[in-house]
Amino acid sequence: MRLSFDLHMHSCLSPCGGEDNTPANLAAMCALAGLQVVALTDHNTTGNCPAFCAAAQRHGLLALPGMELTTREDVHVVCLFPDLPAAQRFDGYVRARLPNIGNDPAYWGRQLLMDDGDNILGEETAFLAGAADIGVYDVHALAASYGGIAFPAHIDRSAFSLLGALGFWDPDMGFPLAELTPHCPPALRERPDLKGVPFIVDCDAHYLNQIPDAHQYMDLPEPTAHAVLDWLRRGGRS
Ligand SMILES: [Zn+2]
Ligand SMILES: [Zn+2]
């Protein structure tokens with residue numbers, strides 16, 4: 001079956017995410033946009049994934065719990081998991097490696113924990129905008145050890161990206177594919193070090209108006225998180 005997808009978006013738990021980006025609003029917008037497979041990937045946390053997955057399920061969407069991890073090198077990496085328990089165990093591993101300082105809501109923004117009915121459960125006080133003490137060469141194997149997958153985010157950006165921070169793609173990092181922004185210059189795909197690297201495009205929405213209409217598709221044997229992860233592990237090949 002052919003399913004539209006976008007696998008990188010933020011809720012109001014990300015300090016830079018709009019406060020209208022509640023998990024319930026986000027799921028509703030994804031459904032309106034015609035997306036069928038979606039993932040919530042807040043910075044260094046999976047705290048709103050239970051609410052997002054529940055809300056998405058009500059709209060008939062296949063939702064994966066995830067996180068946008070910031071590595072020690074300031075590289076953003078999208079990590080996706082087959083289910084909430086796996087994602088939450090990974091969250092615990094990451095949390096123990098975050099800087100031991102609190103968030104400053106006035107500077108960074110509030111970090112709202114929500115339920116799936118638009119109720120605020122609380123405010124995350126840990127500083128989520130920093131880098132975890134996890135190296136970029138270790139992320140893919142680490143995510144895999146939780147049954148998940150990892151791929152570098154928005155590699156065509158200069159800030160917080162693999163190419164921006166390291167300057168090159170190294171197959172030894174183990175990533176099966178790379179993520180581009182919708183505005184990636186065509187020339188980037190032709191870089192010699194990216195030869196053979198499969199790409200997907202994600203919206204990285206921080207605000208509700210950044211959710212795109214369905215525009216890319218995956219072919220899956222069945223509509224399950226495991227099938228999505230397998231498709232990604234194969235570099236987006238069916
Ligand atoms: Zn990012
Ligand atoms: Zn992001």
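This report looks at the overall build of the chain and then at one of its helices, α5.

Keep in mind that the model is predicted. Let's start with the big picture. The chain has seven helices and 10 strands. Its radius of gyration is 16 Å, close to the 18 Å that the globule rule gives for 238 residues, so the chain is as compact as a globular protein of that length. Along the principal axes, the C-alpha atoms fill a box of roughly 45 × 40 × 30 Å. Of the 238 residues, 45% are buried. And if you take the contacts with a separation of 6 or more, 73% of them are between residues 24 or more positions apart.

Now for helix α5, which runs over residues 136-145. Its buried residues are Val136, Val139, His140 and Ala143. They cover an arc of only 90° around the axis, which puts them on the same side of α5. Turn to the face pointing away from that buried side and you'll find the exposed residues Ala141 and Ser145.

What do the buried residues of α5 pack against? Here are the partners:

| Partner of α5 | Residues |
|---|---|
| β3 | 62-70 |
| β4 | 76-80 |
| α3 | 84-95 |
| β7 | 149-152 |
| α6 | 162-166 |

So much for the packing. After α5 comes Gly147, and its phi is positive, near 80°.

Technical notes:
Residues are numbered from 1 along each chain as its sequence is written. Chains are lettered from A and ligands numbered from 1 in the order in which they are written. This is a predicted model: local features need pLDDT of at least 70, side-chain atom pairs count only at pLDDT 80 or more; totals for chains, interfaces and linings use all residues. Helices (H or I, at least four residues) and strands (E, at least two) are DSSP runs, numbered from the N terminus. The radius of gyration is taken over C-alpha atoms; the globule rule is 2.2 Å times the number of residues to the power 0.38. A residue is buried if 20 or more other C-beta atoms lie within 10 Å of its own, exposed if 12 or fewer, and partly exposed in between; C-beta atoms are placed from the backbone. Two residues are in contact if their C-beta atoms, placed from the backbone, lie within 7 Å. The arc is that of the directions from the helix axis to the C-beta atoms.
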